[in-house]
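Please read them with the coordinates open.

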Amino acid sequence: MPPAQSLQSIDASKLYSKITWRLIPYIFILYILAYLDRVNVGFAAADMQRDLHLSNTVYGTGAGIFFLGSALFDLPSNLLLTRFGPRRWIARIMISWGIVATGMAFVTGAHSFYLLRFLLGLGEAGFFPGMILYLTFWFPSAERARAIAKFMTATSLAGVVGGPLSSFLLKLEGRSGLHGWQWLFLSEGLPTILMGISVLFLLKDKPDDANWLSREEKEWLDTELERDRNEGGAAARHNLLDAFKLPLVWMLAVVFFISQIGVYTVNLWMPLVLKSFVHAGTSSDASLIARYATFPYLAAAIFTVLIGWSSDRTGDRRWHIAFCLLLCAIGFSWVAIAHSLLAALIAFTLATMGWWGLMGPFWAMPTRVLGGRAAAGGVAIITILGGIGGFTGPYLTGLLRDLTHSFSAGLFVIGGLAVVAALISLAMREGPATTQ
């Protein structure tokens, strides 16, 4: 045991900064790859629909069925992560989904599209909830919204990177006898397999395994994390059943269900919605729309970090979440009545900022009040319902598009759901140990 005097000399801000710079950039890259492989079908959609003769309903179903596969295995995957450790289990997840993501290049019709998207969800199941759980091993709740927000910017920056990258790859149409969308899936799936192998060598399971932390820093951090678990109630709620019995978990799950309807409507339908504002015969190719789609994601990345910082600084979670959800409602409703590409792009930017901005304060709530297998189970429960929302949004948008020949109905429905989620978030209570 290091002397108490040595532990008192630890500079908390410098230590958390060191951990942030060691962990966040690497897992940030991992999540960018995960997100690209999950949503690149949105950039490929127009060309795939043309080449494979897929209707909007078929595309929406295939795009969304990924989340049903993910939902089936999220909970067992998260529990297995606690058994085998993040390093080995995250590596397994990445290699599995990388193989399937590469295989998306060989889709030939609706049935193979459905099958591979479902298998992609099975392969990736547990990655996101596992990474949220992983961050709790390193950051106490007072630092967690900022850490999660920085990690979550990967999902918005995946859109920034994915737009130009997809634009370039789609222009490889005809090279070596492959369509542009086939080059897209091949080029974005193979790096995931390589990065999955790297996880086995680079990711550390917990602070005690980090050779870049001193003995005093490890001891101080262990003490802080234990104190935080006791204050928040996580130490008392560590059995799996505790997650099922806590009302906060189910309220968060409903909010996350609605948020994922919106997030994946943006990810998987925004390029097609924007394309609908470009007149036939002009620059309406998928690569140009992919470049337009980078702006909402870039704004969301900046906003996500700011909201996470503000939430940690004030200790408030609920009002920050509600504000973001109202921004989503305004954005989606505006897209529904927009009559120009510029207006739709600005409206999507507001909605995207809201959907991504809420993630930092949102995920700081369940990880403060649950620990051990309860935390693994609680995060998984929330992401399972989120996965169902991820399926519902793209499917509902495609179905209503085919029925009404307009995107407006689906966008209004999702905007209304965002208002409902905002009201639920304001009703949530963390319990007697709340920081609010």
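**Notes on the predicted model**

1. Gly 416 is found in helix H19, which covers residues 408–427.

2. Is Gly 416 buried, partly exposed or exposed? Gly 416 has a relative accessible area of 34%. Buried requires a value under 20% and exposed a value over 50%, so 34% places Gly 416 in the partly exposed class.

3. A pair worth checking in the viewer is Gly 416 and Phe 332. The two are 84 residues apart in sequence, while their C-alpha atoms are 9.0 Å apart in space. For the protein as a whole, residues 24 or more positions apart account for 83% of the contacts with a separation of 6 or more.

4. On secondary structure, the protein has 19 helices and 0 strands. The C-alpha trace spans about 75 × 45 × 35 Å along the principal axes.

5. How many of the residues of helix H6 are buried? Helix H6, residues 127–136, is mostly covered, with 10 of its 10 residues buried. Among them are Phe 127, Phe 128, Met 131, Ile 132 and Leu 133, and the list also includes Pro 129, Gly 130 and Thr 136. Over the protein, 61% of the 436 residues count as buried.

6. Confidence should be read by region. The mean pLDDT of the protein is 85, and 91% of the residues score at least 70. Where is confidence lowest, and where is it highest? The lowest is in helix H1, residues 4–8, at a mean of 55, and the highest is in helix H14, residues 318–337, at 95.

7. Two stretches call for a separate remark. Over residues 280–284 the pLDDT is below 50, and this stretch has 5 contacts in the model beyond near neighbours in sequence. Over residues 432–436 the pLDDT stays under 50 as well; the model has 12 contacts for residues 432–436 beyond four places in sequence.

Key: Residues numbered from 1 in each chain as written. Predicted model: local features only at pLDDT ≥ 70, side-chain atom pairs only at ≥ 80, totals over all residues. Heavy atoms only, no water. Helix = DSSP H or I, 4+ residues; strand = E, 2+ residues; numbered from the N terminus. Buried < 20%, exposed > 50% of the residue type's maximum accessible area, 1.4 Å probe, protein only. Contact = heavy atoms within 4.5 Å. pLDDT = per-residue confidence, 0-100.
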